[in-house]
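Dear colleague,

Please find the structure below, followed by a summary of what was found in it.

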Amino acid sequence: MRKAILTAIAILIILPMAPLPANSQTAIQRRCAHGTFKHQGMTRDYYLYTPAGLKEGAPLVLCLHGYGGSGADGKAELMDAADRHGFAICYPDGSPDPRGYKSWNVGYPFQKGMKTDDVDYIVKLAKSLKKKHGFSEAFLTGMSNGGEMCYLTAQKKPEAFKAIASIAGLTLTDMMPLKYKKPVPFMEVHGTEDRVSEWTGDPEDLGGWGAYMAVPAALSHIIAANGCVSETITSLPRKEGRNQVILYHFQGGEADVLVYKVIGGDHSWLDEDMGTCDAVLEFFKKHL
């Protein structure tokens, strides 16, 4: 459960660590331009990757990190996929929660008192970057806590992004009164053995992240809001030594929904099972 991960983070902070070399940088810091954006009185960092030779008017993807992470240590492999598919990628920072960890304010119990409106933040950041750099459309993806932001944004600002892709995200039961007001193309990638964001949900809040719905139940609300009337189930070719991936494609309405169920998959991007970064950008390309 995520509670165990929080404990592990605390232990790592307490244990003495060797100082990093002065020139130590993440792949994102090395390859991206650093920028800042002011919102609600806070100046927050982001990193912007523009592939060499990127066409004018290219689309933009915001990629949101998980709990306790940062833009600088986001999904670096997404940059390589952006080279192949012609997207710019922005890795923004969350803001410190009451425990001091960078996160996205989605309503976890321990985020009580946070006044940060992160949906408004990412919407305004995307709008600013589009204007400044001439990007055409904006798309949204994120993993874990960033995945929760995908669901929350689909509820509160579905018109802000052309399509949304959550990785190992969940829907807190407290989110449901918001409802889904407009259709939005949506994709979820989730492992059935994810012990952090349980496929079967956590209605009793045993993990300490707040009660949340089972993944199929959460997605049923988006499928209904999108007006999908048909479902296609496909077992993807299985990579040697990797987990089986089953794709559920809901369509026939105003916007489609893709669900990649990774049998035995854990709490990660599951890139080795299905090439998630490419799958996300291929999904986005269909909605340009």
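**Aromatic and charged contacts**

The charged end of R44 is placed over the ring of Y121, at 3.7 Å from the ring centre; a charge sits over a ring if NZ of Lys or CZ of Arg is within 6 Å of the ring centre and within 35 degrees of the ring normal. R99 likewise lies over the face of F110, 4.1 Å from the centre of that ring.

This is a predicted model, in which local features need pLDDT of at least 70 and side-chain atom pairs count only at pLDDT 80 or more, while totals for chains, interfaces and linings use all residues. Residues are numbered from 1 along each chain as its sequence is written, and side-chain values use heavy atoms, with hydrogens and water left out.

The whole structure holds 13 aromatic pairs (rings of Phe, Tyr and Trp, the last by its six-membered ring, with centres within 6.5 Å; planes under 30 degrees apart are stacked, over 60 edge-to-face, the rest tilted). The pair of Y108 and F110 is tilted, because the ring centres are 5.3 Å apart and the planes at 35°. Y108 and F110 are both buried (under 20% relative accessible area; exposed is over 50%, partly exposed in between, with a 1.4 Å probe and protein chains only). Y108 also pairs with W209: the centres are 5.0 Å apart and the planes at 75°, so this pair is edge-to-face. W209 is buried, as is Y108. Ring pairs join Y67, Y101, Y108, F110 and W209 into a cluster.

K55, by contrast, counts as exposed because its relative accessibility is 70%.

With kind regards
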